[in-house]
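Me: I would like to go through this model with you and ask what lies behind the terms used for it. Please set each value against its definition.

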Amino acid sequence: MRNSLDLTPNCENCAALCCVVFAFDKSDSFGIDKAACEICPNLDEQDRCRIFEKRQDLGFGGCITYDCHGAGQRVTHEVFNGRHWRDDPALTERMGAALSVLRRIHELLVLLSSTRRLPLSDQELQTLDRLEDILNPGAEWTEETLAVFPLADVTHEANAFLRSLKHHAGALTGERPHS
C-alpha cells in the first residue's frame, strides 16, 4: 500500500470491541446468542477471553476467524483517544458504529493492496492509488468523518475496480487467463 498503514489486528491495544459491539446468533460459529453492545460473557474484566484456548472446542470458531484488520486499535486510540467503553458505557454504541465503518475500510484496503502484485497498467495503478488515498486519507479518522464517509459508494467503486482486473487472472501463478 502506498500510504503505509498496519492492517494487522493488535488486541492488546483495543478495547475488546469485537467482544462487545457485535451481535451474533448461536450457530456453528458462536456458542451463544449475544446482542449488539452486550458484553460477551467470556470476556473478563481485563478485556481478555476466558476461553481463549478452548474457543473452537466450545463453539466459538467465529471468534478465531474474525479479523478487524487493525480497525479495533485505531478506533480505540485514534478515534476515541484511548477512552474505553468500560469507563463510559455511553461510548459502546458510538465505538461500535465507528468500528463497523473502519473495519470495512480496512477490509477494502487489504483487498486493494493485494492487487499490487499484479502487472497493473498505469491507468490501473492510478485508480488503485486514488482508491487507497480515499480509504486512507492520511488524516486521523474521527467519529464525524467515519459517520459521513460514503462507504457504500466507495465499496461499489472498489468492487468494480477489482472486477475489472479479472483479465489478470493467472498472472500470479503464471497461467494464462481463460477467454
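Me: Are Glu78 and Arg74 buried or exposed?

Reply: Both Glu78 and Arg74 are buried, where buried means under 20% relative accessible area, exposed means over 50%, and partly exposed lies in between (1.4 Å probe, protein chains only). This is a predicted model, in which local features need pLDDT of at least 70 and side-chain atom pairs count only at pLDDT 80 or more, while totals for chains, interfaces and linings use all residues. Residues are numbered from 1 along each chain as its sequence is written, and side-chain values use heavy atoms, with hydrogens and water left out.

Me: What makes Glu78 and Arg74 a salt bridge?

Reply: A salt bridge is a side-chain nitrogen of Lys or Arg within 4 Å of a carboxyl oxygen of Asp or Glu. The closest N and O atoms of Glu78 and Arg74 are 3.0 Å apart, so the pair qualifies under that limit. Both residues lie in helix α2 (residues 71-79), four residues apart, which is about one turn of the helix; helices are DSSP runs of H or I with at least four residues, numbered from the N terminus.

Me: Why can one say that Arg94 and Glu143 tie together separate parts?

Reply: Arg94 forms a salt bridge with Glu143, with the closest N and O atoms 2.6 Å apart. Arg94 belongs to helix α3 (residues 91-114) and Glu143 to helix α5 (residues 143-148), so the pair ties together parts that are 49 residues apart in sequence. Arg94 counts as partly exposed because its relative accessibility is 35%, and Glu143, at 22%, is partly exposed as well.

Me: Why is Asp129 called buried, and which residue does Asp129 pair with?

Reply: Asp129 has a relative accessible area of 18%, which is under 20%, and therefore it is called buried. Its salt-bridge partner is Arg116, the closest N and O atoms being 2.5 Å apart. The two are 13 residues apart and link distant parts of the chain, with Arg116 in the loop between α3 and α4 (122-135) and Asp129 in helix α4. Arg116, at 28% relative accessibility, counts as partly exposed, and a network of salt bridges links Arg116, Asp129 and Glu132.
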